[in-house]
Amino acid sequence: MTLDDAIKFILQTIGSNPESETVPIEKSSRRFLAERLSSNDDIPPFDNSQVDGYAVNTNHIQLNTPITISQRIPAGSNPYELEKSTTARIFTGAVIPKSSDAIVMQEDVKIENGQAVFVKKILPGQFIRKRGCDLKKNQIFFESGRLLSAADVGMCASVGLKNLQVFKKLKIGVFSSGDELKQPGEKLNAGEIYDSNRPMILSLIKALGLDTLDMGCLPDDLNQTIKQIANASDKVDIILTCGGVSVGEEDHIKAAVETLGSINLWRIKIKPGKPFAFGYIGKTAFMGMPGNPVSAWVTFALLCRPYIIKRAGGNVPGNITLFLESNFEWSKPNDRQEFLRGKINEDGKLEIFKNQNSQILSSICFSEGLIEIPTKTSVSKGDKLRYYPFSMIL
Ligand code: AMP
Ligand code: MG
């Protein structure tokens with residue numbers, strides 16, 4: 001199955017959004033908005049000064065002539081109408097007085113005997129921020145499903161919102177699997193390695209702002225695997241596993257999920273990341289990633305992440321990619337779409353990490369993005385390739 005078809009398939013299995021809850025805006029960052037927001041006033045709600053300076057009526061001002069300063073308007077005050085042939089001292093953010101149509105910045109004004117002298121041509125409208133220039137009254141500014149950023153939180157505050165409806169956080173359980181795996185702090189015996197995937201995947205989920213449940217490491221044993229996955233399916237919305245989804249004698253996860261629910265195991269046409277399992281145990285989704293750390297990372301980024309975002313009530317963002325010239329040659333055309341680990345070099349060209357083996361986790365740590373090699377394609381230096389900065393897919 002192609003990557004695009006796999007993504008389409010898993011996304012269309014998602015039914016309704018999660019329930020929503022009310023949170024104060026200061027706790028809404030990194031949450032998925034569960035309502036449509038519109039402004040109940042113009043923002044800003046009044047014309048105001050963009051600078052510290054002097055408010056004038058351009059029809060009544062003569063340059064190089066001393067003019068009376070008739071009032072002082074700090075931000076937050078309510079000015080009276082500008083008296084004819086006078087000017088008003090005004091500060092950034094303060095209301096523009098009636099009958100004035102421009103602000104002169106203080107750097108362009110001379111003060112002589114307590115009066116203002118304007119020395120530079122004044123254009124009507126200058127340095128005035130118009131009412132509603134940020135948002136218009138009743139304007140819809142955010143749709144449901146938006147992942148709220150820090151600036152979004154500020155925007156909500158600027159229209160006076162105190163609370164927001166957001167989708168309840170999903171809970172995602174993560175298992176690793178394999179008798180060869182030891183946990184950090186334990187002593188390694190011959191043939192054993194540390195379990196790097198589980199802390200990595202837990203961290204990837206936390207970065208999405210979702211709750212995780214560390215379910216531990218599954219032994220390579222069918223009955224134990226069934227028992228532990230059944231237990232997890234009562235506790236979480238999504239179960240993620242890594243390893244044990246090939247079709248080897250020590251791979252029991254597919255059989256376990258089949259016993260408890262339903263599962264599809266696909267050979268996805270991507271490298272790294274061929275075997276990928278997807279299914280449901282009741283309403284709990286199951287996603288089985290490959291065991292090799294790079295394959296787990298790549299399938300998480302390309303398959304699990306969009307599913308998790310949509311399931312959490314979010315709008316799945318399109319992958320933002322760059323199209324850049326390659327600084328390397330690739331003469332191994334493949335039936336699978338390949339995602340090489342690399343970065344943009346000083347000349348703005350794509351460069352790959354020297355070791356592209358899917359066990360080499362440092363190929364991710366020492367890279368900054370994925371470089372896509374389309375199927376059945378060789379690459380010569382200078383060919384343009386698609387680059388996915390890690391910051392855009394995670
Ligand atoms: P598997 O799909 O279970 O056959 O695993 C494929 C490869 O990935 C094997 O070399 C495993 O030792 C390795 N592997 C599986 N799970 C992990 C993990 N959690 N951390 C590090 N390596 C792993
Ligand atoms: Mg294994």
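Me: Contact means heavy atoms within 4.5 Å. Leaving aside neighbours within four places in sequence, which residues is M105 in contact with?
Reply: This is a predicted model. M105 lies in strand β7, residues 102-105. Setting aside neighbours within four places in sequence, its contacts are V51, D52, G53 and F127.

Me: Is M105 buried, partly exposed or exposed?
Reply: Buried means under 20% relative accessible area, and exposed means over 50%. M105 has 23% relative accessibility. That value falls in between, so M105 counts as partly exposed.

Me: What separates the C-alpha atoms of M105 and D134?
Reply: Along the chain, M105 and D134 are 29 residues apart.

Me: How do the axes of α4 and α5 lie to each other?
Reply: Two packed helices are described by the angle between their axes and the distance between the axes. Here α4 is residues 222-233, and its axis comes within 9 Å of the axis of α5. The two axes cross at roughly 55°. Angles under 35 degrees count as roughly parallel and 65 to 115 as roughly perpendicular, so α4 and α5 are oblique.

Me: How many nonpolar, polar and charged residues make the contact of α4 with α5?
Reply: From α4 come L222, T225, I226, I229 and A230. They meet I253, A255, A256, V257, T259 and L260 in α5. The contact divides into 9 nonpolar, 2 polar and no charged residues.

Me: Where on helix α5 do its buried residues fall?
Reply: Helix α5 spans residues 253-260, and I253, A256 and V257 are buried in it. Seen down the axis, these buried residues fall within an arc of 95°. They therefore line one face of the helix.

Me: Is S233 buried or exposed?
Reply: S233 is found in helix α4. Its relative accessible area is 13%. The cut-off for buried is under 20%, so S233 is buried.

Me: Which residues touch S233, leaving aside its neighbours within four places in sequence?
Reply: I371 is 138 residues from S233 along the chain, and their C-alpha atoms are separated by 36 Å. The residues in contact with S233, beyond those neighbours, are I239, I281 and T284.

Me: How are α1 and α6 oriented to each other?
Reply: Helix α1 covers residues 3-12 and helix α6 covers residues 293-311. Their axes come within 10 Å and cross at roughly 25°. Angles under 35 degrees count as roughly parallel, so α1 and α6 are roughly parallel.

Me: How many charged residues are in the contact of α1 with α6?
Reply: L3, A6, I7, I10 and L11 of α1 make the contact with L302, L303, P306, Y307 and K310 of α6. Of these residues, 9 are nonpolar and none is polar. The charged count is 1.

Me: Which residue does a cis peptide bond join to P44?
Reply: P44 sits in the loop between β2 and β3. Omega of its cis bond is about -5°. The residue joined to P44 is I43.

Me: What is omega for the peptide bond from K271 to P272?
Reply: P272 is in the loop between β19 and β20. The bond from K271 is cis, with omega near 0°.

Me: Is K376 buried or exposed?
Reply: K376 is found in the loop between β25 and β26. Its phi is positive, near 50°, in a residue other than glycine. Exposed means over 50% relative accessible area. K376 has 61%, so K376 is exposed.

Conventions. Residues are numbered from 1 along each chain as its sequence is written. Chains are lettered from A and ligands numbered from 1 in the order in which they are written. This is a predicted model: local features need pLDDT of at least 70, side-chain atom pairs count only at pLDDT 80 or more; totals for chains, interfaces and linings use all residues. Side-chain values use heavy atoms; hydrogens and water are left out. Buried means under 20% relative accessible area, exposed over 50%, partly exposed in between (1.4 Å probe, protein chains only). Helices (H or I, at least four residues) and strands (E, at least two) are DSSP runs, numbered from the N terminus. The arc is that of the directions from the helix axis to the C-beta atoms. Axes are lines fitted to C-alpha atoms, for helices over the stretch in contact, and angles run from 0 to 180 degrees between N-to-C directions. Angles under 35 degrees count as roughly parallel, over 145 as roughly antiparallel, 65 to 115 as roughly perpendicular and the rest as oblique. Ala, Val, Leu, Ile, Met, Phe, Trp, Tyr, Cys and Pro count as nonpolar, Asp, Glu, Lys and Arg as charged, and the others, Gly among them, as polar.
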